[in-house]
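Dear colleague,

Please find the structure below.

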Number of protein chains: 4
Amino acid sequence: MSHNTYGHLFRVTTWGESHGPAIGGVVDGVPPRIDLNEADIQPWLDKRRPGQSRFTTQRQEPDTVEIQSGVFEGQTTGTPISLLIQNQDARSKDYGDIKDKYRPGHADYTYDAKYGIRDYRGGGRQSARETAVRVAAGAIARKILGSDIRIRGALVQVGSDSVDRGNWDWDESDRNAFFCPDPVAAARWTELLDKVRKGGSSVGAIIEVVASGVPVGWGAPLYGKLDADLAAAMMSINAVKGVEIGAGFGAAALSGNENADEMRMENGHPTFTSNHAGGVLGGIATGQDVVVRFAVKPTSSILSSRDTITRTGEETEIATKGRHDPCVGIRAVPVGEAMMACVLADHLMRHRAQADER
Amino acid sequence: MSHNTYGHLFRVTTWGESHGPAIGGVVDGVPPRIDLNEADIQPWLDKRRPGQSRFTTQRQEPDTVEIQSGVFEGQTTGTPISLLIQNQDARSKDYGDIKDKYRPGHADYTYDAKYGIRDYRGGGRQSARETAVRVAAGAIARKILGSDIRIRGALVQVGSDSVDRGNWDWDESDRNAFFCPDPVAAARWTELLDKVRKGGSSVGAIIEVVASGVPVGWGAPLYGKLDADLAAAMMSINAVKGVEIGAGFGAAALSGNENADEMRMENGHPTFTSNHAGGVLGGIATGQDVVVRFAVKPTSSILSSRDTITRTGEETEIATKGRHDPCVGIRAVPVGEAMMACVLADHLMRHRAQADER
Amino acid sequence: MSHNTYGHLFRVTTWGESHGPAIGGVVDGVPPRIDLNEADIQPWLDKRRPGQSRFTTQRQEPDTVEIQSGVFEGQTTGTPISLLIQNQDARSKDYGDIKDKYRPGHADYTYDAKYGIRDYRGGGRQSARETAVRVAAGAIARKILGSDIRIRGALVQVGSDSVDRGNWDWDESDRNAFFCPDPVAAARWTELLDKVRKGGSSVGAIIEVVASGVPVGWGAPLYGKLDADLAAAMMSINAVKGVEIGAGFGAAALSGNENADEMRMENGHPTFTSNHAGGVLGGIATGQDVVVRFAVKPTSSILSSRDTITRTGEETEIATKGRHDPCVGIRAVPVGEAMMACVLADHLMRHRAQADER
Amino acid sequence: MSHNTYGHLFRVTTWGESHGPAIGGVVDGVPPRIDLNEADIQPWLDKRRPGQSRFTTQRQEPDTVEIQSGVFEGQTTGTPISLLIQNQDARSKDYGDIKDKYRPGHADYTYDAKYGIRDYRGGGRQSARETAVRVAAGAIARKILGSDIRIRGALVQVGSDSVDRGNWDWDESDRNAFFCPDPVAAARWTELLDKVRKGGSSVGAIIEVVASGVPVGWGAPLYGKLDADLAAAMMSINAVKGVEIGAGFGAAALSGNENADEMRMENGHPTFTSNHAGGVLGGIATGQDVVVRFAVKPTSSILSSRDTITRTGEETEIATKGRHDPCVGIRAVPVGEAMMACVLADHLMRHRAQADER
């Protein structure tokens with residue numbers, strides 16, 4: 001895998017900086033004769049788009065996607081699909097201050113140390129703006145997967161406040177600004193995030209993404225494991241610090257009796273009586289829901305003044321003005337869904353290549 | 001990445017089944033003129049070797065490694081290094097029962113569903129025995145990294161019992177059967193695991209691996225992130241269900257003020273006043289300790305009888321006899337260290353290739 | 001390697017069809033802090049650009065390149081460089097006839113058989129128009145290689161008429177429409193190609209590309225051989241049917257005494273008394289000129305009527321009108337140079353990664 | 001692709017030196033439930049095995065292959081197949097002379113310059129002995145391809161003496177020591193090679209490999225072209241200096257009318273009236289025979305004394321004693337067949353992954 005490319009057979013290469021003329025990507029390996037046009041992609045971009053509530057950055061970007069190749073008369077041709085999204089509301093002057101100061105929690109220092117140069121405007125390539133291209137690629141991946149596979153994401157924790165799983169309602173997650181499946185938690189979060197936002201601070205979150213309908217057998221031992229690929233995919237999203245599958249870190253506290261999911265037959269098909277595995281055993285899908293959770297750190301751009309240093313090694317302070325999300329975890333929900341879709345589309349083809357000739 | 005290969009420039013390909021004649025691997029991309037012989041690798045294999053205490057499987061394997069190529073007169077030649085470990089104590093007859101029954105929590109069902117065939121003896125390719133090859137490869141990776149980079153792992157939680165970080169002593173982790181850095185916890189775990197073992201059950205664990213001395217700049221945006229590669233590497237280890245970096249899942253509950261590590265100058269060098277980032281920002285090493293934790297589920301092979309089905313779809317029960325670890329998390333410590341070493345060796349070369357011509 | 005991507009560390013992904021809105025590509029892995037702007041790329045595109053003489057297609061394309069990312073204030077940042085070239089003079093109506101008929105010698109039939117769909121306008125993705133992006137990528141590769149490595153290409157045979165190597169003058173190759181280093185041959189070819197062009201036919205050619213200054217040691221055994229990578233790179237150019245290195249096919253007729261290049265010392269440095277090897281031994285550069293030749297078949301689009309079939313399996317005839325090169329080999333010269341540059345830039349970094357820490 | 005690995009989905013990694021304890025390889029990605037045992041592989045190794053006539057090296061190696069993993073009860077399991085071949089007749093003392101002198105035409109100088117160290121015994125990793133592993137992998141590839149695809153190779157030129165295609169008889173190629181399909185040429189070559197052998201010199205050759213039954217559609221634009229992959233595969237064989245497809249270099253001298261293969265319908269199926277394309281158009285198989293030729297240089301190890309230098313830069317002479325093939329091109333025939341099989345098996349799976357869901 002190259003540094004700005006992910007996937008093996010369903011391959012996505014992205015490019016672009018926060019304040020450059022545009023961002024985009026190339027999706028290669030898409031099977032031919034799939035119905036595809038911009039209208040299939042735009043709704044997912046709209047879901048991630050900033051400025052839709054007071055809880056996300058106020059940068060105004062229509063995020064209109066343009067397909068530049070690989071589609072002819074409304075169908076994929078099997079050749080690479082180039083996707084373009086223009087940047088419209090870049091205000092580079094907001095970033096003059098960070099030209100010479102490293103923002104704590106951001107990758108300013110590490111990019112500079114690695115490359116000796118960086119496009120500091122809006123964070124340049126480090127910006128979460130790049131995730132729009134992932135969402136567009138994810139929309140194409142969903143078309144490959146078809147309607148039998150359903151991928152849904154939800155915010156399940158903001159700060160230390162978790163949803164009550166007894167209240168879980170997927171439809172609810174489309175009705176509030178947080179993609180929260182628990183209306184009671186959503187109400188609490190409104191209050192919490194207003195307070196955070198007004199205080200000029202930020203807060204972390206946990207996202208859960210669930211894929212239903214994934215056929216048993218997808219995935220591969222040992223270094224192409226479905227869960228290992230999902231872990232890398234989620235960890236590659238900006239600000240993510242942890243990933244878990246099924247029972248996840250909680251599995252450490254379980255006994256073998258509690259953890260191992262028992263099997264029964266149901267209508268002539270193998271089934272499990274629980275899903276601590278999160279739908280993956282030995283790196284291969286079990287046919288149950290594939291369940292991934294990932295943790296997003298609090299937005300590093302905050303109004304409070306923080307200790308830092310300059311490029312030339314002087315101690316100083318910085319308070320980030322610009323426009324930022326009080327909780328970047330919210331917009332990470334559609335991004336996590338997209339990464340799940342991309343990983344699954346890749347594994348669909350990888351499985352078909354080796355093991356599906358029956 | 002191919003399914004049984006990991007790494008980009010430092011590339012490891014493994015092969016072999018639990019009860020086949022041998023297991024082994026090929027390590028490609030190793031720089032030339034590094035002093036290397038079997039004695040550099042054996043100590044790490046010995047650390048992972050089974051049968052060293054009553055808390056690990058009683059299978060007796062010397063795990064003696066043989067270098068078959070790529071080394072001449074005690075130095076690496078730059079050509080592929082083939083590593084061979086003979087299997088000696090395979091008792092395949094213990095596994096007659098699982099030929100037709102799927103063990104809950106194991107990958108028996110998924111391998112069979114994917115391939116329509118499997119070597120069921122000792123779990124075949126699914127067996128954690130394969131991790132011996134990772135440890136051998138990790139030993140070579142350590143030689144590439146040199147002595148300035150130090151990689152150490154520890155068991156930090158067994159079941160729901162965590163170490164007290166106030167008691168942390170790396171030296172202690174070499175003195176007990178659990179790689180536990182807290183002698184007080186180690187004493188508790190002896191009791192706990194004896195109880196688990198005698199009860200025929202098993203328990204999960206959490207491992208922490210720390211790499212010190214990693215230079216600022218290693219890693220790469222956006223799909224070659226150091227933390228994303230670490231997440232995939234750890235998640236590819238048998239039984240791992242979660243991976244986190246630095247503050248990890250705990251970051252969700254932090255505010256932006258608490259989480260973002262501030263910077264100061266120390267003896268003319270940039271430094272941080274905390275390490276919530278776990279040594280990685282934007283996928284690139286900060287120069288601080290790289291800190292990874294991963295969760296291992298309880299061993300799925302337990303003595304209690306469990307509901308399951310047969311290959312032909314009949315409901316039945318199974319109790320796994322064989323020889324097993326009451327807590328596979330213990331022997332995952334040297335495996336996690338090895339994966340850290342392999343990922344870092346790969347990134348050393350990836351960084352040198354693109355960005356180190358200064 | 002993915003299907004529309006080449007290179008390992010210097011990686012180029014291309015997209016676009018002959019009559020789509022644009023063509024382009026993403027160049028990933030470029031080292032940081034290299035001076036780069038459009039003016040570094042444009043001259044090479046101009047060299048390949050159609051419509052510059054009566055011996056190439058009359059399609060008028062300015063082939064103006066736009067850098068969309070990866071460059072900041074005139075320097076590369078180490079992040080992916082997106083390149084865009086607008087299509088301007090697409091006349092899709094010329095191609096109505098090939099919508100349903102397969103043109104002999106073209107990939108119409110094979111694309112249709114593979115994908116069940118194709119963008120037939122101007123050949124779609126099969127069009128040699130894609131090679132413009134290779135030339136742009138090659139210009140970036142040249143910047144990485146620096147001025148000590150010089151890459152030059154020449155047309156050495158048109159039809160069955162070869163240059164006289166006694167007349168070889170590199171400067172001459174910039175003065176005629178054929179990139180021909182022999183002015184006497186160039187004069188003959190003017191006459192030959194006028195005849196071919198007026199007759200509505202076409203003719204093949206052989207191109208030679210020479211890289212001087214390549215350091216001894218670049219390349220790698222056994223499946224990353226410099227010559228194997230060059231062979232794939234040249235064979236991937238449209239219409240290429242053969243590739244050879246150094247003595248090439250002629251080596252078959254040599255004796256061991258004639259073929260093996262002897263070595264001497266010259267000014268304290270190892271040197272060779274001949275270069276039958278073409279600068280590569282065992283897949284690794286010798287420090288001599290790297291010499292590659294490749295054969296281009298005659299343009300398949302000709303005015304004469306030819307037997308073919310339709311998509312629905314009816315026998316028919318076709319004569320290709322459109323606008324075409326009487327000898328596509330001419331414009332393959334800058335494309336071959338670009339592929340040489342890309343392969344070398346990749347090997348520079350691959351070598352540095354593994355073997356250049358001395 | 002890593003340096004010692006080839007293929008994308010059908011992936012082969014090889015290791016080992018000429019005079020090490022063994023050579024071997026790992027074949028990954030093989031579909032499950034294919035009947036496979038050593039007897040399927042051994043005949044192909046026997047075909048390549050040295051010492052079978054006076055025209056190949058007299059080194060005596062049984063080249064007995066051992067399958068170490070990936071096969072259970074006579075069937076592939078979908079997991080990696082490790083192949084081992086012991087070295088038996090290594091006489092390292094023959095090579096004391098080359099420890100410090102570079103043999104002209106060999107890779108002694110380039111390996112040393114690249115790595116600063118090399119296993120000089122028998123050429124170490126540069127030795128054509130490694131090609132035995134390719135042949136073993138090719139045998140597995142043939143099993144994947146099945147009996148509908150037939151791959152055959154022949155020696156078509158020795159020195160400057162070519163076969164008469166009018167005499168071509170595939171069965172004949174199994175009856176003589178040269179894999180020559182023309183009995184008249186075979187008789188001439190016996191005389192020619194006896195003379196070369198007695199004179200202590202060597203001679204080059206050209207090999208043709210033909211694959212029949214390859215389905216239309218395999219292959220992929222633009223950097224996964226079937227012919228580009230074949231070019232790299234053949235060029236990666238020791239001593240190969242040129243590769244061509246179909247009309248190859250001869251295509252340069254053809255007119256468009258002569259070269260483009262016309263199409264007709266035959267029994268309801270598309271067919272071509274000629275095969276200048278060599279079975280590949282636009283990188284995709286046409287359904288015709290895939291025809292590849294490659295040129296092998298004369299063996300560089302010859303008895304005549306040649307000018308060379310030492311590692312320390314002193315001018316000297318060398319005459320290679322050891323045991324060598326007077327024409328390495330002969331044993332390159334089964335190696336070329338194996339590489340064709342490997343490339344096709346890889347493309348079978350690559351095609352199935354993306355385009356075969358119909």
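In which sense do E3(D) and strand E7 (residues 81-86) of chain D pair, and over how many bridges? The two strands are antiparallel, with six bridges between them; strands (E) are DSSP runs of at least two residues, numbered from the N terminus, and two of them pair if DSSP finds at least two bridges between them. Here Ala22(D) stands opposite Gln86(D) in E7(D).

This is a predicted model, in which local features need pLDDT of at least 70 and side-chain atom pairs count only at pLDDT 80 or more, while totals for chains, interfaces and linings use all residues. Residues are numbered from 1 along each chain as its sequence is written, chains are lettered from A and ligands numbered from 1 in the order in which they are written, and side-chain values use heavy atoms, leaving out hydrogens and water.

Strand E2 (residues 11-16) of chain D also runs antiparallel to E3(D), joined to it by six bridges. A hairpin of five residues links E2(D) to E3(D), and Thr14(D) stands opposite Gly25(D). Seven of the seven residues of E3(D) (residues 22-28) are buried, so the strand is largely enclosed by the rest of the structure; buried means under 20% relative accessible area with a 1.4 Å probe, protein chains only.

Chain A and chain C are in contact (heavy atoms within 4.5 Å) through 37 residues from chain A and 37 residues from chain C. The count of salt bridges between chain A and chain C is zero; such a bridge is a side-chain nitrogen of Lys or Arg within 4 Å of a carboxyl oxygen of Asp or Glu.

Yours sincerely

Terms used: Buried < 20%, exposed > 50% of the residue type's maximum accessible area, 1.4 Å probe, protein only. Helix = DSSP H or I, 4+ residues; strand = E, 2+ residues; numbered from the N terminus.
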